[in-house]
Amino acid sequence: MLKKYYKIMQNENRVNFAKSWKSLGQGISVGQFSSCGQMLGKSQGRIYVKKYEPLVEVAKNKITVFLIHDICQHSGRFNKIVNWMREKNPRMAFIAMDFLGHGLSSGTRGHFDELKLLVNDFHFMINQFEKKNEDDEKWIILGHGVGGLVALDFLSRFEEGSDKKIDGLILSNFILKLSSRLLGLEGSSLLKSLGIKNKLAHVRPYKIFNGKDLLTIPEEALNYEQDPLVVHRPTFSTIKEIQNKIKSIYQYSYFLDKPIMLLNSVDNPVCTNESMNYFSKGIKKILLTEKNYSHMKHDLY
């Protein structure tokens with residue numbers, strides 16, 4: 001019964017998504033769909049999607065890049081790199097989605113119960129686009145920070161379906177190392193005995209990103225701090241969910257069968273170089289390209 005209901009909701013969602021597109025001019029349009037978690041009664045919200053068409057008519061060699069942003073951020077953080085790339089290569093298209101509870105998507109700010117809900121939303125979105133020519137069109141996923149975790153989980157869970165459409169993967173500063181005294185306290189016997197553990201789920205314990213930690217240029221760091229769409233304090237359960245995913249993410253590298261580029265900031269207070277190096281060891285060398293940036297911090301875009 002649940003599967004039948006889910007299928008009906010998926011079909012309805014597909015129709016509504018197709019009708020939702022609104023043009024902003026210059027080949028840019030926006031749309032929205034209901035979060036897949038809502039269909040299963042787990043999370044409610046509308047997911048915001050932005051689409052950039054190629055600047056020239058493309059019959060061959062089209063490249064579509066699917067952008068997945070970091071925790072606390074939103075798809076608008078990619079605007080500069082998208083505009084720069086469209087000028088350099090007018091054959092390129094970009095599609096970006098805001099996570100549930102992030103950016104212009106609805107939902108509790110900076111909160112998701114499970115990372116797989118974000119993955120399900122991305123899976124639904126990517127299936128709404130058609131790859132018209134398998135030989136002359138390439139699809140690339142670019143995941144930054146937690147977006148990289150979403151991309152890897154997507155490729156792992158849907159390897160017999162949507163995964164086949166993807167030709168390459170770019171992961172930038174994608175392993176997060178989050179620390180807090182609350183994370184240590186959460187598992188203590190004292191808190192459990194007091195029944196506090198469940199109450200911590202929606203608590204926003206601390207600010208995990210500062211502009212000066214993410215960006216090298218002071219002006220850009222200030223813009224980040226003043227961005228109204230940035231979530232500066234995610235919920236406790238969101239942080240814990242990221243921590244849990246990081247524990248199992250290293251094994252994914254051994255099963256990757258697509259060209260992959262790793263972008264890594266050498267001086268990065270958010271991610272550890274050791275974890276990125278450990279992950280890269282599992283990737284077949286013929287598939288791997290690594291780029292290190294000594295002059296940039298966590299946010300490359």
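Mentor: Helices (H or I, at least four residues) and strands (E, at least two) are DSSP runs, numbered from the N terminus. On that basis the protein has 11 helices and nine strands. The model is predicted, so local features need pLDDT of at least 70 and side-chain atom pairs count only at pLDDT 80 or more, while totals for chains, interfaces and linings use all residues. Residues are numbered from 1 along each chain as its sequence is written, and side-chain values use heavy atoms, with hydrogens and water left out.

Now the aromatic side chains. A pair of aromatic rings is described by the distance of the centres and the angle of the planes. Rings of Phe, Tyr and Trp (its six-membered ring) pair if their centres lie within 6.5 Å; planes under 30 degrees apart count as stacked, over 60 as edge-to-face and the rest as tilted. There are 12 aromatic pairs in the structure. One of them joins Phe-17 to Trp-21, and it is tilted because the ring centres are 5.2 Å apart and the planes stand at 45°.

Burial is judged by relative accessible area: buried means under 20%, exposed over 50%, and partly exposed in between (1.4 Å probe, protein chains only). Phe-17 has a relative accessible area of 2% and is therefore buried. Trp-21 has 24% relative accessibility, so Trp-21 counts as partly exposed.

Phe-33 and Phe-124 make another tilted pair, with 4.9 Å from centre to centre and 45° between the planes. This pair links distant parts of the chain, since Phe-33 is in strand 2 (residues 28-34) and Phe-124 is in helix 4 (residues 115-126), 91 residues apart. Phe-33 is buried, because its relative accessible area is 0%. Phe-124 also counts as buried, at 2% relative accessibility.

With 0% relative accessibility, Ile-47 counts as buried. Contact means heavy atoms within 4.5 Å. Leaving aside residues up to four places away in sequence, Ile-47 touches Gly-31, Gln-32, Phe-33, Ser-35, Met-97, Asp-98, Phe-99, Leu-100, Ser-105 and Asp-121. Ile-47 and Leu-100 are 53 residues apart in sequence, yet 6.2 Å separates them in space, C-alpha to C-alpha. Across the protein, residues 24 or more positions apart account for 77% of the contacts with a separation of 6 or more.

Next, the charged pairs. Side chains of opposite charge can pair when their charged atoms come close. A salt bridge is a side-chain nitrogen of Lys or Arg within 4 Å of a carboxyl oxygen of Asp or Glu, and a search of the whole structure finds eight. Asp-299 and Arg-77 form one of them, at 2.7 Å from N to O. This bridge links distant parts of the chain: Asp-299 is in the segment after strand 9 (288-293) and Arg-77 is in the loop between strand 4 (62-68) and helix 3 (79-88), 222 residues apart. Both Asp-299 and Arg-77 are buried.

Lys-207 and Glu-225 also meet in a salt bridge, at 2.6 Å from N to O. Lys-207 is in the loop between helix 7 (189-194) and helix 8 (211-214) and Glu-225 is in helix 9 (residues 218-226), so the bridge ties together parts that are 18 residues apart in sequence. Lys-207 is partly exposed, with a relative accessible area of 27%, and Glu-225 is partly exposed, at 29%. Elsewhere, salt bridges with shared partners join Asp-153, Arg-157 and Lys-245 into one network.

Lys-245 is also among the buried residues of helix 10, which include Phe-236, Ile-239, Ile-242, Ile-246 and Ile-249. For the protein as a whole, buried residues make up 50% of the 301 residues.
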